[in-house]
Amino acid sequence: MKRSAYAYPYLLWMALFIVVPLAIVLFYALTDTVDGRLIFTLENFSAAFDPAYVKVFLRSLWMAALATVICLAIGYPLALVLSSRHFKAGKLLLMLVVIPMWMNFLLRTYAWINLLSDNGIIMKALQFFGVENLSLLYNQTAVIVGLVYNFLPFMVLPIYTSLIKIEPNLYEAAGDLGANSFMSFLKVTLPLSVPGIVSGITMTFMPAITSFAVSRLMGGGLVTMYGELIENQFYFMRDWHFGATLSIVMMVLVLISAVLTRNNKNKEGGMLW
Amino acid sequence: MKLWTRILSVSLALLFCFALTACGGGDSSGKTTLRVYNWGDYIDPDVLSEFEEQNPDIRVVYDTFDSNEGMLAKLDGGARYDVLFPSEYMVEKMIQEDWLMELDLSKIPNVEYIDQRFLNLAFDPENKYSVPYTWGTLGILYNTTMVTEPVDSWGILFSEEYAGKIIMYDSVRDSMAVALKYLGYSVNEHDEARLKEAGDLLAKQKQNGLVKAYMTDTVKEAMIGGNAALAVVYSGDAVLCMDETDGNADLAYAVPKEGSNLFFDNIVISKDCESLDAAYRFINYLCDPAVAARNIAYIGYSTPSSAAAQIMGEAYLNDPVFMPDEETLARCEVFLDLGSLTGVYNRIWESVKLQ
């Protein structure tokens, strides 16, 4: 395919703002400052695999995976309902899924902090039913709630897009061939929505594993995620080299997960990236 | 469809070129830009807008940070400001690392209103680089409906009785100060065995589920909302939390008997300052007693300006949170720059947070 001249601004943009910064990050990761002089070293990488940091990484991986699974469990049925031709309010409800995204996610997170706090309405309601000594905020569950809430639309939208594209005739054909509605879901809907599921998973998992603001605010500094660990290296430790190393480690691992979920037929994600 | 893609790419290309040229452009209004970097919630917004009204040739660009270390990280990253507000140990570090401009105090005549005891302090002996802005203590803010016993020791933060109801300060120097003071050591302790002991104490506190959360600025909402029993806070935040109108009347503040941190936040001019005249006018304005008094009433910290304190009146002068007595102050220590030990403190704190 001949590359259009219009693509050059993009190429320039990508080189300037993606390739160059990445090269800088890699440079910092591979160097260290000793007595004011720059030396090349791989020590940062061996330090990055210290058990304490690996533990934080595994925790982030687990939390992001769990958030993604929950998003899928909620998002798929929701997308199914929204895309149903028999459901008149589908378009309106889709708007309701999208509208919260118009608001800054920090504001939404602060709203959740209010809802979940010890004197928030959810706790008050639970206390009414006799639930005491429970804390909804500042633990791993709270962080997962925050992640699920913030990234749910990124799961719903691609699945929705893949579902509404399914040719209605296919259902009629399945019915004519004797499939009941469950079988037609299993043999028609599900396989045809796989591209949507895959981009939904990618778009939920990647931002979830790299997030740090949600874990800081809803985890109360008790649940450190990898993104926060990286931020700390720059902010408090003033160790750019090690911060860069941790970033590279994270990028490589995210890249691996991206490759694992890559699907050449998948075009559904384009609208959000 | 194809036409649309073309139109889109052309407009994006134009936008891109425009963005590049826009970056190079200066301020077309002819105003001098003054870049100010201060703590969050640390100035009365009216004071700021009034300064701009009185000085129509100056436009203030105002950014905020939530820790000394965060501020320095921003400078490390290449951000440049004219006027900054670091705490004493950070002033010391910034002097050593050559970030600051020597002040010409004759350009800040309002310095005469500042109480002598807040001038010529150890971190900047001749006030060559800094002018004091506020001061205060680190202490315990507690909810009297949840804590009935007298609060006079840091030990209450390590007591099982309040498990899950304690908010610690999410910053290395302050949390370490709590543990070090409780153990009877200095907030600037240099002995690594003692530092480890303090770290172990904080780690145990977290492990045993005593800590509800680590917070900085958000602690105010949590305490006002009655969501925790005890919190490590700075005196000014305590004042705001206990405020009669927007605060919580059940809250009280104490500086523990083991002693605490006494801090001074200061105004400095960066070496990269591009509008020195505007910077001096801004600092002098903030040191004006009437302005300082209004500012203090808004942010809740204590003022080093004796004239401003007089304007604040009796209630302020007799309030032990604003004006701790001599005996309390004698127990408190000022943070010093840790030099090469900074890394040791940081690693101990990181291991507490990560476990």
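In chain A of this predicted model, Asp35(A) sits in the loop that joins strand E1 (31-34) to strand E2 (37-40), and its phi is positive, about 50 degrees, although the residue is not a glycine. Most residues other than glycine have a negative phi. With a relative accessible area of 74%, Asp35(A) is exposed.

**The contact between chain A and chain B**

- Chain A brings 29 residues to the contact and chain B brings 33 residues, while the area buried between the two chains is about 2800 Å², with carbon and sulfur atoms giving 59% of that area.
- Three salt bridges are counted between chain A and chain B, and 14 residue pairs, both members at pLDDT 80 or more, are in polar contact across the two chains.
- On the side of chain A that touches chain B, helix H1 (8-29), helix H3 (51-83) and helix H11 (226-235) each supply at least two residues, and the largest share, five residues, comes from H1(A).
- By residue type, that side of chain A divides into 17 nonpolar, seven polar and five charged residues.

**The make-up of chain A**

- Chain A contains twelve helices and two strands, and in order from the N terminus its elements run α-β-β-α-α-α-α-α-α-α-α-α-α-α.
- Taken along the principal axes, the C-alpha atoms of chain A fill a box of roughly 75 × 70 × 30 Å, and of the 273 residues in this chain 40% are buried.
- When contacts in chain A between residues at least 6 apart in sequence are considered, 69% of them join residues that are at least 24 apart.

**Val214(A), a buried residue in chain A**

- Val214(A) belongs to helix H10 (residues 213-218) of chain A, and it counts as buried because its relative accessibility is 1%, where the limit for a buried residue is under 20%.
- Although Val214(A) and Leu106(A) are 108 residues apart along the chain, their C-alpha atoms are separated by 7.9 Å.
- Beyond its neighbours within four places in sequence, Val214(A) is in contact with Phe105(A), Thr109(A), Val143(A), Gly146(A), Leu147(A), Asn150(A) and Gly219(A).

**Asp174(B), a buried charged residue in chain B**

- Asp174(B) is found in helix H5 (residues 172-182) of chain B, where it is buried yet has no salt bridge.
- The nearest side chain of opposite charge to Asp174(B) is that of Arg173(B), which is 7.3 Å away, whereas a salt bridge requires the side-chain nitrogen to be within 4 Å of a carboxyl oxygen.
- Not counting residues up to four places away in sequence, Asp174(B) touches Leu138(B), Tyr169(B), Tyr234(B), Asn261(B) and Phe335(B).

Conventions
Residues are numbered from 1 along each chain as its sequence is written. Chains are lettered from A and ligands numbered from 1 in the order in which they are written. Side-chain values use heavy atoms; hydrogens and water are left out. Contact means heavy atoms within 4.5 Å. Buried area is the accessible area (1.4 Å probe) that two parts lose on being put together, summed over both. A polar contact is a pair of N or O atoms within 3.5 Å; within protein, one must be able to donate a hydrogen and the other to accept it, and residues adjacent in sequence count only if both atoms are side-chain atoms. Helices (H or I, at least four residues) and strands (E, at least two) are DSSP runs, numbered from the N terminus. Ala, Val, Leu, Ile, Met, Phe, Trp, Tyr, Cys and Pro count as nonpolar, Asp, Glu, Lys and Arg as charged, and the others, Gly among them, as polar. Buried means under 20% relative accessible area, exposed over 50%, partly exposed in between (1.4 Å probe, protein chains only). Lys and Arg count as positive and Asp and Glu as negative; His and the chain ends are not counted.
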